[in-house]
Amino acid sequence: MKLFIRSILAAAAMGSTMLSAPALAETKLNALFMAQAAYSENDVREMTQRFMKANPDIDVNLEFVPYEGLHDKTVLAQGSGGGYDVVLFDVIWPAGYAENGVLVDVSDRITDAMKSGVLPGAWTTVQNDGKFYGMPWILDTKYLFYNKEMLKQAGIDAPPATWDELNEQAKILKEKGIVEHPIAWSWAQAEAAICDYTTLVSAYDGSFLDSDGKPAFQAGGGLEALQYMASSYNSGLTNPNSKEFLEEDVRNVFQNGEAAFALNWTYMYNLANAGEDSKVAGKVGVVPAPGIEGKSEVSAVNGSMGLGITSTSKNVDAAWNYIVFMTSQEVQDGYAKLSLPIWASSYEKPEVTNGQEELIAAAEKGLAAMYPRPTTPRYQELSAALQVAIQETLLGQTSPEDALNAAAENSGL
Amino acid sequence: MSGDRLTLRAWLMMTPLLVVMLAVVGWPLIDTVRLSFTDTRLIGASGNWVGLENYARMLTSSRFLETLKTTTIFAVGSVGLEMVLGVLAALLLNQAFYGRTLLRALLILPWALPTVVNATLWRLIYNPQYGALNALVTQFGLSAEYQSWLGEPGSALIALIIADTWKNFSLVALIALAALQMVPREITAASLVDGAGPLARFRHVILPYLAGPLMVALVLRTIEAFKVFDIVWVMTRGGPANSTRTLSILVYQEAFSFQRAGSGASLALIVTLLVTLLACAYTILIRKAAGSAN
């Protein structure tokens with residue numbers, strides 16, 4: 001009898017191990033992220049490890065591409081029948097994704113606690129036509145970074161509050177020989193240039209499209225923004241290599257002490273101010289991008305990104321669990337040095353604010369002023385046309401007016 | 001065995017391969033042709049038949065003509081340089097000198113390097129702030145200021161041509177070197193005795209042996225240069241102001257970034273047709289050259 005019981009126990013034990021073994025990692029998720037700015041690749045891997053530890057039945061396979069390849073990779077995978085369950089997407093893509101049914105509508109899954117806890121501005125990142133296509137994850141805008149030491153050397157007390165002031169201060173720095181080209185931007189033929197341009201459009205209170213969805217950037221604020229870029233470039237106050245810079249080039253130039261001012265995303269603050277390879281550590285100041293007298297106090301572009309579930313995913317529930325974890329306040333607060341949390345109450349926590357009080361102060365104003373790039377399913381074409389317009393203007397091939405008129409014609413709208 | 005049966009057997013034995021080829025090459029090609037007559041988008045509903053509209057719009061658009069011009073300059077420039085440098089390098093490496101084997105082995109390195117790695121390295125060399133090229137030209141006093149090599153339309157295309165040449169001249173050199181081994185020593189020796197100078201020897205003795213293999217290298221390289229995508233994509237993404245946008249980049253943009261699969265397909269087929277025409281022209285040239293040599 002004893003033997004009988006023992007063998008039953010043994011069988012039960014064996015049975016349970018046999019059952020639990022395949023239960024491990026029974027769901028496989030493929031997730032697509034980008035390998036630049038905001039959270040680093042290592043951060044994302046670490047967060048994901050923690051998620052998999054808490055959910056041993058889910059195995060998340062990560063893939064990283066440069067930002068420049070994120071959109072096309074997502075769309076291509078979709079066109080060939082899927083492959084990814086969770087994708088990172090930029091604020092400008094939901095319109096096109098919604099039109100083509102790339103992402104799952106998750107409006108029903110968003111709880112009231114999420115709705116009230118997350119900053120209102122962050123939600124615009126994932127919304128289209130009143131529907132939610134994911135959770136906001138990276139809450140970002142471009143700030144004006146400045147080198148405190150250089151400004152002090154030039155006898156400048158406070159960083160610029162208007163774009164005109166920026167020019168005046170840059171001029172002083174250049175004339176005193178403190179820095180050859182005081183301002184660095186990311187004006188390469190890429191989306192980065194559009195982000196800088198949008199910041200200026202918001203400062204000049206311009207608009208991209210009119211109420212019928214037709215181009216409106218050729219006049220008013222849109223034109224003034226490009227004129228500002230051209231004059232800053234032609235005056236030599238802007239580093240002429242800006243026209244081939246992406247964000248990382250701007251960071252390199254700034255943290256090597258070769259620029260007094262730079263427009264860049266949140267992530268540059270801690271890397272330049274506390275990074276081991278930074279020559280300007282401890283000297284970095286940050287303020288919201290300036291405004292234009294009579295038109296705006298500050299300016300900002302909505303450069304936020306969200307996490308969504310593709311419509312080809314077969315594991316929507318597991319994918320949502322993963323997204324909820326990645327965007328949770330607890331996880332975001334732990335990595336607040338490279339990307340600020342989407343949660344309103346995080347900004348009162350010392351673990352988030354300590355050591356980056358200046359950035360938080362700038363974020364308070366900047367994030368509230370975030371200006372959207374145009375919401376249209378044809379965004380990629382519009383952006384490509386504007387990128388060329390900016391480059392042609394900087395190269396002196398054409399006037400800002402003609403460049404923007406041509407862009408309006410080639411925008412596909 | 002009669003000829004007919006031999007032919008039949010040959011076809012039978014090739015059938016598995018032909019089926020695979022049809023499945024992986026033939027079917028996508030036919031589907032691309034079908035796509036090119038529609039306004040299909042990359043994702044979403046299938047498109048409508050639009051006849052030749054895609055072709056008409058592409059062939060008359062200024063961006064196609066500009067891109068064709070850019071691609072032609074790139075192809076002629078890089079292939080031309082590669083042929084000249086390749087032959088010169090082969091002639092040098094055909095000489096007997098100490099360390100020749102090592103140099104011959106090194107020759108294959110640029111060609112063996114993945115294009116993306118090569119492009120990234122050249123991007124660093126051309127970097128406007130910290131690049132080696134800027135250090136070189138300023139230290140030699142050729143320029144007082146650092147240049148934005150990839151930021152100016154004029155220099156960007158030349159910079160790309162140089163980067164591509166560095167990688168691919170070694171293929172030409174290898175082919176030419178192999179051909180040089182075929183030149184009989186007696187003939188070169190005889191021409192020396194006859195008092196032919198180095199140029200005359202190259203023109204009348206060596207070149208006839210090189211012509212055939214070089215023609216093959218020329219065909220391969222021209223076709224590849226016409227299809228160039230990766231090196232441009234990594235180094236300039238078609239910028240500044242679209243001055244380095246090649247045909248393949250235009251296809252990519254049209255089909256994938258803008259998601260117009262239909263018109264992207266038509267453009268891809270136009271490029272295919274152009275490359276095929278080039279290949280045909282070369283083949284005829286090679287046959288003619290071979291015919292006259294015999």
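# Briefing: the contact between chains A and B, and what surrounds it

Where chain A meets chain B, 25 residues of chain A and 20 residues of chain B take part. Please keep in mind that this is a predicted model.

**The chain A side of the contact**

- H17(A) provides the largest share, with six residues.
- Sorted by class, the side of chain A that touches chain B holds 10 nonpolar, nine polar and six charged residues.

**A closer look at helix H3(A)**

- Does the length of H3(A) agree or disagree with what its residue count predicts? The 13 residues should span 18 Å at 1.5 Å a residue, and the end C-alpha atoms are 19 Å apart, so the two agree.
- The buried residues of this helix are Leu70(A), His71(A), Thr74(A), Val75(A), Ala77(A) and Gln78(A).
- What covers those buried residues comes from both chains: the cover includes strands S1 (27-34), S2 (58-65) and S3 (86-90) and helix H17 of chain A, together with helix H11 (247-257) of chain B.
- After H3(A) comes Gly81(A), which has a positive phi, near 100°.

**A sheet in chain A**

- Chain A has an open sheet of five strands with mixed pairing, in the order S8-S9-S7-S10-S11.
- Its edges are S8 (183-184) and S11 (298-299) of chain A, each of which pairs on one side only.
- S8(A) runs parallel to its partner S9 (residues 261-264) of chain A, and two bridges join the pair.
- Ile183(A) has Phe261(A) as its bridge partner in S9(A).
- In general, the strands of a sheet pair through backbone hydrogen bonds, in either a parallel or an antiparallel sense.

**How chain B is divided**

- Chain B splits into domain 1 (1-36) and domain 2 (52-293).
- The centres of these two domains of chain B, taken over C-alpha atoms, are separated by 33 Å.
- Contact between the two involves four residues of domain 1 and seven residues of domain 2 of chain B.
- On the domain 1 side of that contact in chain B, two residues are nonpolar, two are polar and none is charged.

- An unreviewed UniProt entry lists residues 68-286 of chain B as "domain: ABC transmembrane type-1".
- In the model, that span of chain B is 77% helix and 0% strand, and its end C-alpha atoms lie 25 Å apart.

Notes
Residues numbered from 1 in each chain as written. Chains lettered and ligands numbered in written order. Predicted model: local features only at pLDDT ≥ 70, side-chain atom pairs only at ≥ 80, totals over all residues. UniProt positions renumbered as here; feature names shortened; annotations may be inferred. Helix = DSSP H or I, 4+ residues; strand = E, 2+ residues; numbered from the N terminus. Nonpolar A, V, L, I, M, F, W, Y, C, P; charged D, E, K, R; others polar. Domains from an automatic or database assignment. Expected span 1.5 Å × (residues − 1). Buried ≥ 20, exposed ≤ 12 C-beta atoms within 10 Å, placed from the backbone. Pairing = 2+ DSSP bridges.
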